[in-house]
Amino acid sequence: MVKILSVDDELDLELLLTQYFRRKIRKGEYEFYFAHNGIEALQTMLEHPDIDIVLSDINMPEMDGLTLLKKINDRHNPALKVIMVSAYGEMNNIRTAMNNGAFDFATKPIDLDDLQLTIDKAVAEIEFIKQTQREHGQLVDIKSDLALAAEIQMAILPKSDSAKQFAPAIDLHATMKPAKDVGGDFYDYFRIDDTHLGFCIADVSGKGVPAAIFMAVSHTLLRMAGKKSLDAASVIAESNTILASESFNSMFVTLFYGIIDTVSGEVQYVNAGHNPPYVLKADGTVTAMPVSKNVCLGVIEDYPYKSDILKLDKGDCLVTFTDGVTEACSPSEELYGEQRLEALLQTLGGSDTKTIVESINNAVHQHADGAEQSDDITILCVKRA
């Protein structure tokens, strides 16, 4: 129903409008309200704030149409349209009204057929604005939901400083910077027993909300499996079997999972299709670990994952990262790349893990030089202190 307020001190206009639009009124398409000056009009609009169209005469007692137009404009309601009505000889006033935001005008004596067309045009504009407002409201709600989801997602990641609470001999630091409101990368670490610490870094295929949901599922499965076993391969195999059987849209996870003996420094690990990490020695020597021979999680059920062994001497640091680091682009679309990362790491020998992580993030940020981040950037460093 279109609600129309007619504001005119000529009383016969009320009869004229209700007679001409009687069919639309009976069908419930139009509902008319009437006022005789601007003051009455404002009172009616207070009582009926959902009025869509105001047909206003210009010359009226107590408050004229131009003043009423200004009062209506002060409401800042783009879905409320004002059609000015005045004698043809008052074109200056009509021009003033149009310049001050009136939607359209009609001249007296009113051509009701022409007024119908003007009202139809206003109704189409009002519906477009209302639809836009509804869509904007939906977007605001979605943005709010995504912000909350991002907070929840970051909350499930452990705080870097908490590693020292149960592994004083291990220096660990990690960060994740999602490319969108929510991300598909994650990292984790957890105590398995008195001398073993499990840790991982992972990258879910895809972006946005689907990747974030798959990330949460993968994170939960891995932590549950990891806390009950010291066999890295069996942990990954158990997580993979569930993910592969329940996977949707062919989503998968690349992952590096390790179990470090906090006394000996031995790391048992599985690289499931993830970027090869680096080992940074205290003297700045950097060694790339072997490329993974295992498939990603979520691809093949009952895949026989194989683990490997790495020994970290005191002062050695294992640097793991997702491809958002090496594939970060400059404004000229040049990748940050492995060579830059290796050269940076060679300058960080002897640094603590927080310094290493922050240095990598800063270098990638400088390389991007304002270019939009296209992928999540996650870094996790584990050092034997």
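Reader: Is Lys3 buried or exposed?

Author: Lys3 counts as buried, because its relative accessibility is 18% and the cut-off for buried is under 20%. Keep in mind that this is a predicted model.

Reader: Where does Lys3 sit?

Author: Lys3 lies in strand β1, which covers residues 2–7.

Reader: And what does Lys3 touch?

Author: Leaving out residues up to four places away in sequence, Lys3 touches Glu31, Tyr33, Asp50, Ile51, Asp52 and Ile53. With Asp50 there is a polar contact between the side chains, at 2.6 Å.

Reader: Let's step back. How many helices and strands are there?

Author: The protein has 11 helices and 15 strands.

Reader: What about the overall dimensions?

Author: The C-alpha atoms fill a box of roughly 100 × 40 × 35 Å along the principal axes. The radius of gyration is 34 Å, whereas a compact globule of 385 residues would have one near 21 Å.

Reader: How much of the protein is buried?

Author: Buried residues make up 49% of the 385 residues.

Reader: How many residues are in the largest nonpolar core?

Author: That core has 49 residues, and Phe199, Leu255 and Tyr257 have the most contacts inside it. Elements that each supply at least two of its residues include strands β6 (170–177), β7 (185–193) and β8 (196–204), and helices α7 (208–226) and α8 (232–246).

Reader: Why would such residues gather like that?

Author: In soluble globular proteins, nonpolar side chains tend to be buried together.

Reader: Pick Leu255. What does Leu255 touch?

Author: Again without residues up to four places away in sequence, its contacts are Phe186, Ile201, Ala202, Leu222, Ile236, Val270, Asn271, Ala272, His274 and Leu297.

Reader: Ile236 is in α8, I think. Which residues of α8 are buried?

Author: Ile236 is one of them; the others are Ala232, Ala233, Val235, Ser239, Asn240, Leu243 and Ala244.

Reader: What do they pack against?

Author: The buried residues of α8 pack against α7, β9 and β10.

Reader: How far apart are the ends of α8?

Author: The end C-alpha atoms of α8 are 22 Å apart.

Reader: What happens at the start of α8?

Author: There, a side-chain oxygen of Asp231 comes to within 3.2 Å of the backbone nitrogen of Ala233.

Notes: Residues numbered from 1 in each chain as written. Predicted model: local features only at pLDDT ≥ 70, side-chain atom pairs only at ≥ 80, totals over all residues. Heavy atoms only, no water. Core = buried A, V, L, I, M, F, W, Y, C linked by side-chain atoms within 4.5 Å. Buried < 20%, exposed > 50% of the residue type's maximum accessible area, 1.4 Å probe, protein only. Helix = DSSP H or I, 4+ residues; strand = E, 2+ residues; numbered from the N terminus. Contact = heavy atoms within 4.5 Å. Expected span 1.5 Å × (residues − 1). Polar contact = N/O pair within 3.5 Å; in protein donor to acceptor, adjacent residues only side chain to side chain. Rg over C-alpha atoms; globule rule 2.2 N^0.38 Å.
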